[in-house]
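Hi there,

Here is the structure I promised to pass on to you. Have a look at it first, and then read on for what turned up.

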Amino acid sequence: MTVATMREQIKSDLVIVGTIYDTQIDAAILSALRQLRIRKFWFLETLADLTLASGANSLTLPTNFAAPDTFDIISGGSRFTDGDSFDFLSLENLRAKYWTSNPVTTGTPVACAVSNRTLYFSHIANQEYTIPAIYSAKDVGTLAAGDTSIWFDDGYDVVRSMAQYIFKRDSQGYTSSEEDGSMVTNYMSALGRQHERFEGSR
């Protein structure tokens with residue numbers, strides 16, 4: 001499944017012949033994917049071991065990072081998790097609680113926060129640390145017609161219905177209806193139920 005094949009499916013749904021609307025439909029697909037970036041579903045879940053370098057109190061998150069789930073820290077051969085000696089906070093709370101000296105205290109980090117694709121820590125690391133992370137992934141870069149998306153399998157119906165709604169809303173000669181919006185809502189709700197079943201089975 002690629003952007004081009006989804007475009008052809010939308011054209012079939014709307015009985016569009018020819019290529020006059022191809023650019024607008026592709027733009028609608030990409031717009032739908034951008035709006036879905038912060039969503040959390042089982043098929044977006046990604047595990048990665050990040051590295052906090054000695055002498056640093058932040059690291060750059062992977063390029064496919066979309067939204068955080070959990071961050072742990074490996075220290076002294078043990079794993080510490082959120083609520084168990086390693087807290088995941090807002091950046092405001094991290095600064096207020098731990099960044100009270102200048103420079104920030106050096107030691108073993110006991111908390112972290114995410115802001116603008118950077119993971120910040122409570123302390124300047126006194127050694128190198130492994131940070132096991134679970135996060136929701138996104139597509140990297142701008143997709144071309146021949147590219148696929150992380151959403152084009154389990155999330156296909158949501159993307160297609162949303163792109164169709166956006167196309168009809170924004171394109172001259174078409175008008176989005178309440179039925180189009182309901183279709184997006186219904187597919188999103190169905191995906192949410194699938195997610196709940198998947199999470200409940202773990």
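To start with the surface, the chain exposes about 10,800 Å², and carbon and sulfur atoms supply 46% of that area. Please keep in mind that this is a predicted model.

Next, the overall build. The chain holds 5 helices and 11 strands. Its radius of gyration is 21 Å, well over the 17 Å that the globule rule gives for 202 residues, so the chain is more spread out than a compact globule. Along the principal axes, the C-alpha atoms fill a box of roughly 65 × 35 × 30 Å.

As for the interior, 41% of the 202 residues are buried. If you take the contacts between residues at least 6 apart in sequence, 68% of them join residues at least 24 apart.

On charge, there are 17 positive and 24 negative side chains in the chain. The centres of these two sets lie 3 Å apart.

Is Thr 46 buried or exposed? Its relative accessible area is 18%, and the cut-off for buried is under 20%, so Thr 46 counts as buried. The side chain of Thr 46 reaches the backbone oxygen of Leu 44 at 3.2 Å. Setting aside neighbours within four places in sequence, Thr 46 is in contact with Asn 64, Ala 133, Ile 134, Tyr 135 and Ala 137.

Note on methods
Residues numbered from 1 in each chain as written. Predicted model: local features only at pLDDT ≥ 70, side-chain atom pairs only at ≥ 80, totals over all residues. Heavy atoms only, no water. Helix = DSSP H or I, 4+ residues; strand = E, 2+ residues; numbered from the N terminus. Rg over C-alpha atoms; globule rule 2.2 N^0.38 Å. Buried < 20%, exposed > 50% of the residue type's maximum accessible area, 1.4 Å probe, protein only. Contact = heavy atoms within 4.5 Å. Areas by Shrake-Rupley, 256 points an atom, 1.4 Å probe, with all protein chains shown as cover. Lys, Arg positive; Asp, Glu negative; His and termini not counted. Charge placed at Lys NZ, Arg CZ, Asp CG, Glu CD. Polar contact = N/O pair within 3.5 Å; in protein donor to acceptor, adjacent residues only side chain to side chain.
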